[in-house]
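Here's a walk through one protein chain, taken a piece at a time. Keep the viewer open and click along as you read.

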Amino acid sequence: MKVVAAAWLPYRLALCRPWQTSRGVVSERHGRLRRLTTDDGRSGWGDCAPLPEFGIDEAAATAFAEESAALDLAAQAAGLPLDAWLSGRPPLASVAVNASFGPILTVDRDSLTEAAAAGYTVAKLKAGVAPPADEIAALHRLAATLPRALRLRLDANRAWPFAAAQAFIAACAGLPIDGLEEPLADPDPARLASLQAAAAFPLAIDESTHLLDAAFFRHPPLRRLVLKPARHGGLLASTELALRARASGLEVVITSALESACGIAALAHLAAAVAPDAVHGLATADWFVSDTGPAPPVVGGRMLLLQGNGIGFATG
């Protein structure tokens, strides 16, 4: 098998509704698909979807797309789905995923009830967008009628100083919180460890990649690590980080950076390979008006990996 052609296919995808975080608002996604074509007619696919405000610049996104396309072809040549090629285990059919919502103040009870009825066990909400007191009050209102099967995963995207994060975590006591990502505007291991000691639920880092040194894995200051592979150089580097994290006792969650269906397909395989027992943040395809191709479907709160060897992606 020899690569005989390589192409970049640009795309521009409108969102059904704005994606709002403490870092700003995204209303559409610009990116490029990488397609490698071999002499025996195979295609390998990768997704380049920069998101600079979350640490995913053009170079990082390009590297992720290039590697994804190459690994897609390698797994196809081996006759394996990508998750089995990465893990050395039999392929999985699906991974659990969370429902994805916007800021806390925009989420209503009916939407959460619908998510629970659709089989989701975790709903992710954005924190740090409104004053903390308003968000806490809204969380208590939502929790009062939250379906028993559903827990709330919060992401503050580094919104708060230490005192505000400390107060927010204390105010969440007794609420059905699955976890809180990136509570600190200027995180360091000591302050994260202090916050984690006071929290009954896992704290996580995502964009704070500067903390991921040897000391972090020897003495993790929190309980969960969130990985966006485009930020870490690709699927193989993310696999290594995930293995180090799990060996250190950390939970590992793979999340999207609002990639298109092509990127989500690759991420679902990575999630199945490195953390098959976690609930991952990959169910974002329904935020797009249209997509680069068929996205992995979600059934009963689980994302079905696309069929076939490699990633399984094909344009629509």
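What follows starts with a helix, moves on to salt bridges and ends with a single loop residue. Bear in mind that this is a predicted model.

Let's begin at α8, which covers residues 235-247. This helix has 13 residues and runs 18 Å from its first C-alpha to its last, close to the 18 Å expected at 1.5 Å a residue. Now colour α8 by burial. Leu235, Ser238, Thr239, Leu241, Ala242 and Ala245 come up as its buried residues. They sit on the same side of α8, because the arc they cover around the axis is only 165°.

What do the buried residues of α8 pack against? Their partners are the helices α1 (58-78), α2 (82-87), α7 (214-218) and α9 (261-274), along with the strands β10 (224-227) and β11 (251-254). After α8 comes Gly249, a residue with a positive phi, near 90°.

Together with Leu80 and Trp85, Leu236 makes a nonpolar surface patch of about 230 Å².

Take Glu28 and Arg12 to start with: their side chains meet in a salt bridge at 3.0 Å, N to O. This pair links distant parts of the chain, with Glu28 in strand β2 (residues 24-38) and Arg12 in strand β1 (residues 3-21), 16 residues apart. Glu28 is partly exposed, as its relative accessible area is 27%, while Arg12 counts as exposed at 60%.

Then go to Asp178 and Arg224, whose side chains meet at 2.9 Å, N to O, in another salt bridge. Asp178 belongs to strand β8 (residues 177-181) and Arg224 to strand β10, so the pair ties together parts of the chain that are 46 residues apart in sequence. Are these two buried or exposed? Asp178 is buried, with a relative accessible area of 13%, and Arg224 counts as buried at 5% relative accessibility. Recall that β10 is also one of the elements that the buried residues of α8 pack against.

Arg231 and Asp206 form a salt bridge in which the closest N and O atoms are 2.5 Å apart. Arg231 is in the loop between β10 and α8, and Asp206 is in the loop between β9 and α7, so to speak two distant parts of the chain, 25 residues apart, that the pair links. Both Arg231 and Asp206 are buried. Elsewhere, salt bridges that share partners join Lys124, Lys126, Asp155 and Glu181 into one network.

Last stop: Ala199, in the loop between α6 (189-198) and β9 (203-205).

Methods:
Residues numbered from 1 in each chain as written. Predicted model: local features only at pLDDT ≥ 70, side-chain atom pairs only at ≥ 80, totals over all residues. Heavy atoms only, no water. Helix = DSSP H or I, 4+ residues; strand = E, 2+ residues; numbered from the N terminus. Patch = residues over 30% accessible without salt bridge, like charges linked within 9 Å, V, L, I, M, F, W, Y side chains within 5 Å. Areas by Shrake-Rupley, 256 points an atom, 1.4 Å probe, with all protein chains shown as cover. Salt bridge = Lys/Arg side-chain N within 4 Å of Asp/Glu carboxyl O. Expected span 1.5 Å × (residues − 1). Buried < 20%, exposed > 50% of the residue type's maximum accessible area, 1.4 Å probe, protein only. Arc of directions from axis to C-beta. Contact = heavy atoms within 4.5 Å.
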